[in-house]
Amino acid sequence: MSNTEALPGALLCGAEAAGPAPAGIQILAPREVPLGGPRAMRVRRTLPQRARTLIGAWCFADHYGPDDVEATGGMVVPPHPHTGLQTVSWLFSGEIEHRDSLGTHALVRPGELNLMTSGRGISHSEVSTSATTTLHGVQLWVARPERHRDTAADFRHHAPVAVPLDGGEARVFLGSLAGDTSPVRTFTPLLGAELSVAPGAVLTLDVDPDFEHGVLVDTGELHLDGTALGPSDLGYAAPGRTALTLANPGRGTARLVLLGGPPFEEEIVMWWNFIGRSHDDIVRAREDWQDGTDRFGRVDGYDGDRLPAPVLPRATIRPRRNPPPPAQGR
Ligand code: MN
């Protein structure tokens, strides 16, 4: 997916404010962003935002749907570039056709991980298929640490088997949870899983105390460690916990995406679809895309023009750090 905000802010992320781990859950509410396309499908973005820019190396979280493709036109994202990151496409329903400059042509389907690693540069297109009536899923980005910034571009697919839990189910697409481990390699320790919680159930999940965690609510009612989360909210839990409790007080099944990782210590600069370490990195990546150099390759098979980069902000990129989370709730 491409960050299609008309004026994407330049963010300097990372180097989180130090301090004691808060006891409470911080609620990161979503904001609506038009994704683009003829009728502008909308997504609900929880990362990055003013209150928090990263959870582990997770640096971008869009939640969308259930979206009636007939009404919105679905997802139509022309070829666009990425650098310094990995993209995770995870669907609950629908189907997306992915094409990239590595020559990958893949169908993204519900419950299957599709992880693209940018290398120094990659480009891709994403279009919901004609068979799709309802599109529903998340798009997540992972920041890559400096020592792996030039590791080659890559595309990985993994369909995790559902792990039964007492009162729910887990699909672990990255990292380890509930006795299951994804075979897909990450550059920093990371957790990514879809979970469902049965009506009235309380799940207790053992987690790594070095990790901070985010719980992105998809459907249903959900309490994270006793704090109620609303639809599309991202609940943040600071490091230091050995377990997370997920309670569903509702009548229907609750579904969520659990993200985690140790706090990402490096400062990163994020603008449009690029992650770098300096303003100059971003300027160079933008120029390379606009000039059509071979850095980002070519996407074959997409019928249409590629996405031009937005105009760079005139202002110098300023550091942006996470304020310490509130002790409790909003
Ligand atoms: Mn993309």
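## Contacts and overall make-up

A contact here means heavy atoms within 4.5 Å. In this predicted model, among contacts between residues at least 6 apart in sequence, 75% join residues at least 24 apart. The chain has 2 helices and 27 strands, taken as DSSP runs numbered from the N terminus (H or I and at least four residues for helices, E and at least two for strands). Of the 330 residues in the chain, 56% are buried, where buried means under 20% relative accessible area with a 1.4 Å probe and protein chains only.

Residues are numbered from 1 along each chain as its sequence is written. Because the model is predicted, local features need pLDDT of at least 70 and side-chain atom pairs count only at pLDDT 80 or more, whereas totals for chains, interfaces and linings use all residues, and side-chain values use heavy atoms, with hydrogens and water left out.

## Confidence

The mean pLDDT of the chain (the predictor's confidence in each residue, from 0 to 100) is 90, and 88% of the residues reach 70 or more. Over residues 14-21 the pLDDT is below 50, although this stretch has 18 contacts in the model beyond near neighbours in sequence. Where pLDDT is low, the predicted coordinates should not be read in detail.

## Nonpolar cores

A nonpolar core is a set of buried Ala, Val, Leu, Ile, Met, Phe, Trp, Tyr and Cys residues joined through side-chain atoms within 4.5 Å. The largest has 34 residues, and those with the most contacts inside it are Trp58, Val88, Leu113, Leu140, Phe173 and Leu174. Elements that give two or more residues to this core include strand 5 (58-68), strand 7 (85-93), strand 12 (134-143) and strand 15 (168-174), and strand 12 gives the most, with 5 residues.

Not counting residues up to four places away in sequence, Phe173 touches residues including Trp58, Val88, Leu113, Leu140, Ala193 and Val257. A second, separate core of 26 residues includes Ala193, Leu203, Phe211 and Ala254.

## A buried threonine

Thr46 lies in strand 4 (residues 42-47) and is buried, with a relative accessible area of 1%. Leaving aside neighbours within four places in sequence, Thr46 is in contact with Leu28, Ala29, Pro30, Ala61, Leu216, Ser232 and Leu234.

Methods. Buried means under 20% relative accessible area, exposed over 50%, partly exposed in between (1.4 Å probe, protein chains only).
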